[in-house]
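Colleague: I have not seen this structure before. Please take me through it, one question at a time.

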Amino acid sequence: MQDYTNDAVKAIMADYTPIQVKTLLHNHDEKNFVHHQTTEQIVDFYAEHNEDIHHWLLDDNHAYEYYATAMNAYNKAQQLCKCEHERFEVQNEYLKDVVYIFIATICYDLAASHDMLDMSMDEVENYQLAKELQHAKTKLTVIDGGKK
């Protein structure tokens, strides 16, 4: 995969394992966004990366459709709010939707760039285990001073 300068993309790439990526491809249930479960985690991620997130979603033709739909729903819901607390809750739901759309888009791109789209879950698990083994071997080589 090419090197991205987008820090939000790098954060997702660092957080989600190949198994988590593959799981998200098949099931966008909230529980599968394992590193972004709480409102605090979502708002913190959004606060740190909002510009990168919005630019990415505006530039991705497929994701833009979902992004625009979420924005339209948010604007309509805001008009129905009767108090500040309701507006705050609607805003948090919107931020979650935007972050989840972004993560799902990045996971798809990651899977495509690593030829994981057509892999079975077993193949992805083996791929991840091979990567973890290689990382452990490299770490041990560094600890051992490069001795063989």
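Colleague: In which helix is the place of aspartate 7?

Modeller: Residues are numbered from 1 along each chain as its sequence is written. This is a predicted model: local features need pLDDT of at least 70, side-chain atom pairs count only at pLDDT 80 or more, and totals for chains, interfaces and linings use all residues; side-chain values use heavy atoms, with hydrogens and water left out. Helices (H or I, at least four residues) and strands (E, at least two) are DSSP runs, numbered from the N terminus. Aspartate 7 sits in residues 7–15, helix H1.

Colleague: What is the relative accessible area of aspartate 7?

Modeller: Accessible areas come from the Shrake-Rupley method with a 1.4 Å probe, and for residues only the protein chains shown count as cover. Buried means under 20% relative accessible area, exposed over 50%, and partly exposed in between. Aspartate 7 counts as partly exposed because its relative accessible area is 44%.

Colleague: Which residues gather in the patch of negative charge on the surface?

Modeller: A patch takes residues with over 30% relative accessible area and no salt bridge; like charges are joined within 9 Å, and nonpolar side chains (Val, Leu, Ile, Met, Phe, Trp, Tyr) within 5 Å. Lys and Arg count as positive and Asp and Glu as negative, while His and the chain ends are not counted. The place of a charge is NZ of Lys, CZ of Arg, CG of Asp or CD of Glu. The members here are Asp7, Glu40, Asp44 and Glu48.

Colleague: Which helix gives the largest share of the negative patch?

Modeller: Aspartate 7 belongs to helix H1. The largest share, three residues, comes from residues 39–59, helix H3.

Colleague: What pattern does the protein follow along the sequence?

Modeller: There are six helices and zero strands. Read along the sequence, the pattern is α-α-α-α-α-α.

Colleague: What radius of gyration does the protein have?

Modeller: The radius is taken over C-alpha atoms, and the globule rule is 2.2 Å times the number of residues to the power 0.38. The C-alpha atoms fill a box of roughly 70 × 30 × 25 Å along the principal axes. A compact globule of 148 residues would be near 15 Å, but this protein has 18 Å.

Colleague: How many salt bridges does the structure hold?

Modeller: Side chains of opposite charge can pair when their charged atoms come close. A salt bridge is a side-chain nitrogen of Lys or Arg within 4 Å of a carboxyl oxygen of Asp or Glu. By that rule, the number of salt bridges is two.

Colleague: Glutamate 30 and lysine 96 meet in a salt bridge: how many residues apart are they?

Modeller: Their side chains meet at 2.8 Å, N to O. The pair links distant parts of the chain: glutamate 30 is in the loop between helix H2 (18–26) and H3, and lysine 96 is in helix H5 (residues 84–113). Glutamate 30 is partly exposed at 42%, whereas lysine 96 is buried at 10%.

Colleague: Which residues do salt bridges with shared partners join into one network?

Modeller: Lysine 96 also meets glutamate 93 in a salt bridge (3.3 Å, N to O). Those two are three residues apart in helix H5, so about one helical turn separates them. The network joins Glu30, Glu93 and Lys96.

Colleague: What is phi of aspartate 115?

Modeller: Most residues other than glycine have a negative phi. Aspartate 115 is in the loop between H5 and helix H6 (121–143), and is exposed at 61%. Its phi is positive, near 55°.

Colleague: What distance separates the C-alpha atoms of valine 124 and threonine 17?

Modeller: Valine 124 lies in helix H6 and is buried, at 0% relative accessibility. Along the chain, valine 124 and threonine 17 are 107 residues apart. Their C-alpha atoms are separated by 9.8 Å.

Colleague: And what distance separates the C-alpha atoms of glutamate 84 and lysine 137?

Modeller: Glutamate 84 is in helix H5 and counts as exposed at 60%. Glutamate 84 and lysine 137 are 53 residues apart along the chain, and their C-alpha atoms are separated by 54 Å.

How values were computed:
Buried means under 20% relative accessible area, exposed over 50%, partly exposed in between (1.4 Å probe, protein chains only).
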